[in-house]
Amino acid sequence: MAEYLSKAMAFAQDAAKLSKRFSEGLVDNALEFGLDTPGSFYDNAEFKLGQVGRELTAGSDKERVVAMKRLVATVAKGQDASGHFAAVVKNVASGSMELRRLVYMYLQRYAEQEPDLALLAVNTFQRDLTDESATIRAMALRVLSNIRVAVIGPIVVVAVRRLASDASAHVRKTAALAVPKLQRLDAGLREELQTTVAAMLDEGSAVAVGSVVRAFRAVSPRRVELVHGHFRRWCAQLGDLDEWGQVEVAKLLVAYVRTQFLDPRLDHGSLESDRQQASGSLDPDHALALDALQGLLRSRNSAVVLTAVAGLTQVAPTTRLAVVAQPLVRLVRGNRETAYAALDCALQVARRWPAALRGHTRSFFVAAADAPFTRRLKLQVLAALAPVEQHGALVREVAAYTQSAQSDVSAGAVRVLLASAQGDATLDAFRSLLLLAADARAGVAGAAMAAVRRLLLDGTVREAQTRSMTLYDILCHVARLLDNRSGDAARAHIFALVSEFSESRFGCHHALEVLRRGARSFAGEGVLAKQQIVELSARLRCGVDGDGVLATALQLHVNTLAALHAHVFTLARYDVSFDVRDRARALRTLFPLSDDAAQSSHVAAALHELLGSANAVAALAATAHPPPEFALGSLALTLGRALPGYEPLPDWPTTPPASVDRGPLPSAVVAASRPTQAISIAGISGRVMPAAEYSTPRSAADDDLDAFLDSPDDHARRIIYAPPSLPPATVVFEQSPPSSVAAGLSSDDSDVSRPVSPSVNTSANTSASTSSDESSEDSSDDEARPFMRPPPDNSSPSPHPPVEGTSQFWQ
């Protein structure tokens, strides 16, 4: 039996070896005959990585191509393949175009890490700058600019200057992208690069304009005189650029507008420019830039939309800021990373221009699936919008948030209630906050007490109070909450309120009792509460020496107050918290005990003015420094601090700048000002349409992509007969209920099984997209399109007239 098992195991091992050898033979045969798929290089890249060194030095180009594909696949998977850099550099002068492209792809990744080895192939790179292939020229320049060696900087500058006028737009784009790299490599090359970039500003291809503008902003961002002649052309060309080019050009246009035009949000009076025809009107070039930025709000790229929103909020009049609401709401509904950036931008808009987001409060309601940072930003946006929104729906929604099991949502809801305490809703919001101050959750109780304290200090509630709610009653209710084991923050705010209103009626009668309770529970209080108890004791001690009503009320309890004061400061002196000991040490220096040295009279007077009343506390809070303001849409705004390379926006000029020539008005701008016509099917698909057609009238909502996407009407689109006033060969789209669709189609149209979906990129002129030769082929293409039907008889009116109106957002 043992012999049988040993033979079986030997047979199995032989079979495994044979299977492995057979599979390797299949792979080699597949490579030999070109049957290997691109995905296989990702599957067996690590398995075959040991053979790359041998294959790179093989005599066959086919083996070297296979080795380079494995290296590129390894790099694409995020693994380090820099160990083969020396062997790869030797193949840079290969005659195989496919191999050279793979080598350049590898060198672009590792040239910056291995500058010494990359220098061995500089001569080859320079020779490839004159190659017939535009791809090779661009790759060679890109690798040269990635070599971080200052010695070859002048060589790369010469290459950039020569390729800046290359016939290929892709090569010119690569030359422009090399300029910021050279600027970072050697700051002494700035003057030469400025001359090169100034010549590149005449770039007319949409492929390279964005890269040229990026290079200009890197080397000479303050030379606005170079932008004058290109301003109008860039405004008209902004919609044709790629996404990142649109971001760069939009930032440059915003900086240019803020230096060349007056602030449209200020009344300049006699300083108003002569080019403005009426008070409050915009300069035509200023309006041209605003129209170009507004067109970017419909982009599918979130970075473009946020850049356009930031640009409009920085240079547009307040009356034109409402257009940024729907794009921001659309981004908030995206993935969590995009939603975070959009909410951060929406928060700044809501704080500075809350009227721009009026009517979109529901879009910022908290959802159950929101991430913690998303919930926090949404609640902050709601708090910023509370003063300008109707409080009905908002207060009901926020009241539900206060009962949430998530403490951050409940605490954020309290801050929204505080922001909604405006006008007639002040007392209702204040009563709600008083009820939440007794909540068992420490975070909610602390936030509610902070809100109550703020409303009492700024006088909002004291001005709106009635006989049923006086300041004495409020402070009595708050003091009774000390019997509950609330959180440290809530108890600290209670002691702070009693201290700040010590000269009120409540303070004269009950402040000493509150101090006694604080001294009794001092050992079990939190750090914040201990600090406020010490401050309360110091304030009452200061009040005895004054001449106010508090001094009169405490004359009968001077000995009791002195004993409590000494006891509290003794406990604070030996407390485990450094903050409590430091606060007690500072206050004891200002308010010495009976066995301490007496303080000077001017110190006592200053302390009495500082700690004597709540008005002094409110005045100190009003003079606090506001947080720094950063440019909207910048990383510095998201992080809350300035970063290296951050440049603030330039200030608006105080006097009208001199009139300059900003180039001719492009024909595209003139065409865009014409009345919008119907969408051409030929303009959408590039195919010739037959002369027989029918269409629907186009509503105003169809021109707005955000209104189209956000429309609550999910009914199907329909195609109805066009009225005689519309031009021929047009098909437009309209929303309507399903019942009207069935009624609008005749019996001959019953085979229309699917609607034609609308397109965003529409043609403005249908006659320009259809030539005379295309019209001769209409009859032959009629049968190839079964969804097209002969036109109706225009003599009989359509049973379904055009439907007018626009789709509303969040009905």
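Student: Which residues of α18 meet α19?

Tutor: Contact means heavy atoms within 4.5 Å, and helices are DSSP runs of H or I with at least four residues, numbered from the N terminus. Here Leu328, Leu331 and Val332 in α18 meet Thr338, Ala339, Ala342, Leu343, Cys345, Ala346 and Val349 in α19. These contact residues divide into 9 nonpolar, 1 polar and no charged, where Ala, Val, Leu, Ile, Met, Phe, Trp, Tyr, Cys and Pro count as nonpolar, Asp, Glu, Lys and Arg as charged, and the others, Gly among them, as polar. This is a predicted model, in which local features need pLDDT of at least 70, side-chain atom pairs count only at pLDDT 80 or more, and totals for chains, interfaces and linings use all residues. Residues are numbered from 1 along each chain as its sequence is written, and side-chain values use heavy atoms, with hydrogens and water left out.

Student: Is Cys345 buried or exposed?

Tutor: Buried means under 20% relative accessible area, exposed over 50%, and partly exposed in between, with a 1.4 Å probe and protein chains only. Cys345 counts as buried because its relative accessibility is 4%, and Cys508, at 17%, is buried as well.

Student: How many disulfides does a search of the whole structure find?

Tutor: A disulfide is taken as a pair of cysteine sulfur atoms within 2.5 Å, and the search finds 0.

Student: What is the mean pLDDT of the protein chain?

Tutor: On this scale of the predictor's confidence in each residue, from 0 to 100, the chain has a mean of 74, and 70% of its residues reach 70 or more. Over residues 269-280 the pLDDT is below 50, although the stretch has 18 contacts beyond near neighbours in sequence. Where pLDDT is low, the predicted coordinates should not be read in detail.

Conventions. Helix = DSSP H or I, 4+ residues; strand = E, 2+ residues; numbered from the N terminus.
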